[in-house]
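Good morning, everyone, and thank you for making the time. Please take a moment with the sequence and the structure on the screen, and then I will walk through them.

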Amino acid sequence: MPIARMQKVSVLAPLYARDELVDRLHRMGAVHLIELDHGGADEGGTDIETVPFEPETRRLRLALARVEFILQLFERFEGAKTGLISGFLQEKVHLTMEEFLEVEKQVDLTSLYRELERLDIELRQVDSEISLLEGDLEVLQPWKELDYPLAGAYGLGTVEFHLGVLPHQALDDWEREMGSRCPLSAWEVMERRAERVYLAAVIYRGDAAEFSSLASELELELVDLGGREGTAPQEISRESER
């Protein structure tokens with residue numbers, strides 16, 4: 001009796017369907033099954049468990065973008081037909097599958113997706129810069145009445161220039177203690193906001209130690225704007241223009 005020619009076939013199937021698949025192959029009577037251990041290797045010596053799974057994420061993202069594009073396109077056409085009144089006032093729009101596929105051919109989705117990626121990166125950078133500028137403006141606004149160049153104020157030789165934020169409830173204590181402990185120094189309230197008072201102070205260097213101690217006692221939060229050249233209004237205008 002001649003020997004039938006055999007052909008090796010590898011079958012991959014979900015684990016839950018394994019028993020049913022094996023039974024069906026046995027019933028065919030023309031299949032010889034060989035169990036393949038998970039820890040073993042095939043005849044080519046390739047360990048199945050060590051084969052890396054590295055999906056092409058760009059293709060997957062492109063496919064998702066394509067689906068989203070299709071949905072948005074259909075939503076646009078569907079939106080033109082909804083509404084009781086608008087249904088009478090607007091022209092009916094019909095789009096067949098053939099027409100849609102023809103439109104889709106005119107769109108280079110790969111290039112479009114890459115361009116959108118580039119624009120998304122640029123938008124994130126712009127958003128970050130806007131957040132920084134808004135933060136700078138928020139810091140500068142309470143000092144908008146300072147009309148002396150900030151760089152010059154911080155560079156005075158015989159006195160120290162300080163800006164700070166004081167809890168509103170500590171203002172009376174601040175006024176009393178500054179008069180007794182730093183008699184040769186001057187300070188002014190620049191702005192009041194809710195429970196906070198914004199102060200500018202010119203401190204005689206001989207009072208510097210007492211000022212530092214008082215600031216700590218009354219929880220004065222110092223603000224440093226020494227890295228700026230112009231007056232506070234000039235700096236605010238410059239930041240706003242950017």
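Predicted model: local features only at pLDDT ≥ 70, side-chain atom pairs only at ≥ 80, totals over all residues.

Let me begin with a question about a single side chain: is Arg118 buried, partly exposed or exposed? With a relative accessible area of 36%, Arg118 is partly exposed, because that value falls between the limit for buried, under 20%, and the limit for exposed, over 50%.

Arg118 makes a salt bridge with Glu122, and the closest N and O atoms of the pair are 2.4 Å apart. Both residues belong to helix α5, which covers residues 109-140, and they are four residues apart, about one turn of the helix. Glu122 is likewise partly exposed, with a relative accessible area of 36%.

Asp120 and Arg124 are four residues apart in helix α5, so about one helical turn separates them. Asp120 is partly exposed, with a relative accessible area of 34%, whereas Arg124, at 57%, counts as exposed.

Now let me step back to the chain as a whole. Its secondary structure comes to nine helices and four strands, and, read from the N terminus, the elements run α-α-α-α-α-α-β-α-β-β-α-β-α. Of the 242 residues in the chain, 23% are buried. The chain exposes about 18500 Å², and carbon and sulfur atoms supply 55% of that area. If we take the contacts with a separation of 6 or more, residues 24 or more positions apart account for 69% of them.

The next topic is the sheet. The four strands form an open sheet in the order β2-β3-β1-β4, with antiparallel pairing. The edges are taken by β2, residues 186-193, and β4, residues 221-223, and each of them has a single partner strand, so one side of each is left without a neighbour in the sheet. On average, and ignoring direction, neighbouring strands of this sheet are turned by 30 degrees against each other.

Looking at one pairing in detail, β2 and β3, the latter being residues 196-204, run antiparallel and are joined by seven bridges. Within this part of the sheet, Glu191 has Tyr198 in β3 as its bridge partner. Helix α7, residues 171-181, packs on the sheet and touches β1, residues 159-167, as well as β2 and β3, and the direction of α7 makes about 175 degrees with that of β2. Helix α8, residues 208-217, lies across β1, β3 and β4, and runs at about 165 degrees to β3.

Let me return to the salt bridges, of which the count comes to 15 in this model. One of them joins Arg205 and Glu160, whose closest N and O atoms are 3.4 Å apart. Elsewhere, salt bridges that share partners join Asp173, Arg176, Glu177, Arg181, Glu210 and Glu217 into one network.

I would like to finish with two further places in the chain. In which helix is Glu235 found? Glu235 is found in helix α9, residues 232-241, and this residue is buried, with a relative accessible area of 5%. Apart from its neighbours within four places in sequence, Glu235 is in contact with Leu140, Leu150, Arg228, Glu229 and Gly230.

The other place is on the surface, where Val9, Val11 and Leu21 form a nonpolar patch with about 260 Å² of accessible area together. Val9 lies in the segment before α1, residues 18-28, and counts as exposed at 60% relative accessibility, because exposed means over 50%.

Methods
Residues numbered from 1 in each chain as written. Heavy atoms only, no water. Pairing = 2+ DSSP bridges. Helix = DSSP H or I, 4+ residues; strand = E, 2+ residues; numbered from the N terminus. Axes fitted to C-alpha atoms, helices over the stretch in contact; angles between N-to-C directions. Contact = heavy atoms within 4.5 Å. Patch = residues over 30% accessible without salt bridge, like charges linked within 9 Å, V, L, I, M, F, W, Y side chains within 5 Å. Areas by Shrake-Rupley, 256 points an atom, 1.4 Å probe, with all protein chains shown as cover. Salt bridge = Lys/Arg side-chain N within 4 Å of Asp/Glu carboxyl O. Buried < 20%, exposed > 50% of the residue type's maximum accessible area, 1.4 Å probe, protein only.
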